[in-house]
Amino acid sequence: MSKTASVALAPSASLFARLMAAIDSFLMASAEISNRNGDLPRFGL
């Protein structure tokens, strides 16, 4: 009879953190495009 051990690995980032990172990257890309066009980026959502 062999003994086995299981290890539960926690996800490196929660779903909420990944969602916030995706929103942040979208807003940063939008701000860079606005800056490239000479416009002021809109702040907030």
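This is a predicted model: local features need pLDDT of at least 70, side-chain atom pairs count only at pLDDT 80 or more; totals for chains, interfaces and linings use all residues.
Where does Phe16 sit? Its place is in helix α1, which covers residues 15-36. Is Phe16 buried or exposed? Its relative accessibility is 58%, and exposed means over 50%, so Phe16 counts as exposed.

Now the helix. α1 has 22 residues. From its first C-alpha to its last, α1 reaches 32 Å, and that is close to the 32 Å expected at 1.5 Å a residue. After α1 comes Gly38, with a positive phi near 90°.

What else is there in the way of helices and strands? The count for the chain is 1 helix and 0 strands.

Last, the chain as a whole. How much of the chain is buried? Of its 45 residues, buried ones make up 2%. The chain exposes about 4,700 Å², and 63% of that area is supplied by carbon and sulfur atoms.

Notes. Residues are numbered from 1 along each chain as its sequence is written. Side-chain values use heavy atoms; hydrogens and water are left out. Helices (H or I, at least four residues) and strands (E, at least two) are DSSP runs, numbered from the N terminus. Buried means under 20% relative accessible area, exposed over 50%, partly exposed in between (1.4 Å probe, protein chains only). The expected span of a helix is 1.5 Å times one less than its number of residues. Accessible areas come from the Shrake-Rupley method with a 1.4 Å probe; for residues, only the protein chains shown count as cover.
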